[in-house]
Amino acid sequence: MMAPGMLKGLCGKVGGVLVFGSANRPMDYSRYFSDLNVLLISDKYPQTYPWGYSYIVVSPDNLSSRCIYGDPLCIWVMWDSRLICGSLPRLKFTETTWTLDSLRQIILNNVALMYEDMLLGNNAWASNWAYHAVKDSLIMMNPTIGNLSDFNLMNAYKGSELARLLGELRVLRRLGQGLPVGLADRVSEALSRILGINLPTVGSIRAKASGDAYPSIQCDNYGCMVLRFSDYEYDYYYL
C-alpha cells in the first residue's frame, strides 16, 4: 500500500492534503488494483509533488461550489476520506441531476471496461471494473449513505442482488482473480434493472466483436456499442 506519509512533504505548500479511495480502507484494499487518490486544496499544482498518486487539485471555493451543485467527487471527499494536513472548506452536498447522471455514466464506463477486458482475456481487470460498477450502483441509490466501505454498503442493502454481487466481486478483486463469464452476466442483468438499459451478455459482445483483435466497447443511456476498426472500415452495432 502506498504510504500517505510520503504526502506530508506537501503540507505547507497547499491548503490541505486529503486521501480517499479503497487504498484508504484497509478492509477493501487490493494490492492488485487499489491506488491512493489525493485531493489537494490549492489554486494551482505545487511545483514538486510525490509520484505514484492520482491527484485532483481544486481551490476551496471551487470545491464548495461543486458540492453544492452535486459533483459526485464530494461523496468521496465528505464520507470516504482522511485529512493528512491542512483543512477543508465548509462543505454542503446537494444531490442533483448532476450527481445521478454522472454516477450513471461512471457505472456504464466501468461496464464497458469490464466487457473489453473479458474480450481481451484480462479477466482479473474485468473483476475490478465489475466491482466498481456494482459498488457505484449502490452509492447511486443513496449518494448520502455516508460510510462507503464494502461491508457498510452490503449491510445497508442486505439481501439484494447488488449486495450479493459486491460480496463476491470484492473477494475476486482483493485476490486478483478473474471474472467468470456467468458472474459478468449476472452483473449485466442486475445493472440492466437498476439503470433501465438492456446491457448485453458477454456472449453477445463476443459475437459482435468476432474477428476484431481490439474492439472498443462504449455504453450509454441507449445501451452498449461494439466499435470495430480495420484498415478500411469503421462500423458499430447497438446490442
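Are arginine 25 and aspartate 80 buried or exposed? Keep that in mind, everyone, and thanks for coming.

A quick word on the model. It is predicted, so to speak about local features we need pLDDT of at least 70, and side-chain atom pairs count only at pLDDT 80 or more, while totals for chains, interfaces and linings use all residues. Residues are numbered from 1 along each chain as its sequence is written, and side-chain values use heavy atoms, with hydrogens and water left out.

Let's start with the sheet. Four strands make an open, mixed sheet in the order β3-β2-β1-β4; strands are DSSP runs of E, at least two residues, and helices are runs of H or I, at least four, numbered from the N terminus. Two strands pair if DSSP finds at least two bridges between them. At the edges sit β3 (54-58) and β4 (81-86), each pairing on one side only. From one strand to the next, the twist averages 20°. Helix α1 packs on this sheet, touching β2 (37-41) and β3, and its direction makes about 95° with that of β3. Contact here means heavy atoms within 4.5 Å, and angles run from 0 to 180 degrees between N-to-C directions, with axes fitted to C-alpha atoms, for helices over the stretch in contact. Strand β1 (residues 16-20) runs antiparallel to β4, joined by 5 bridges; in one of them, valine 17 partners cysteine 85 of β4.

Now back to my opening pair. Arginine 25 is buried, and aspartate 80 is too; buried means under 20% relative accessible area, exposed over 50%, and partly exposed in between, with a 1.4 Å probe and protein chains only. Their side chains meet in a salt bridge, 2.7 Å from N to O. By that I mean a side-chain nitrogen of Lys or Arg within 4 Å of a carboxyl oxygen of Asp or Glu. Arginine 25 is in the loop between β1 and β2 and aspartate 80 in the loop between α2 and β4, so the pair ties together parts 55 residues apart in sequence.

A second salt bridge joins aspartate 28 and arginine 170, at 3.1 Å, N to O. Aspartate 28 lies in that β1-β2 loop and arginine 170 in helix α6 (residues 161-175), so this pair ties together parts 142 residues apart in sequence. Aspartate 28 is buried at 2% relative accessibility, and arginine 170 is buried at 7%.

Here is how these pairs connect: Arg25, Asp28, Asp80, Lys135, Asp150 and Arg170 are linked in a network of salt bridges. Happy to take questions!
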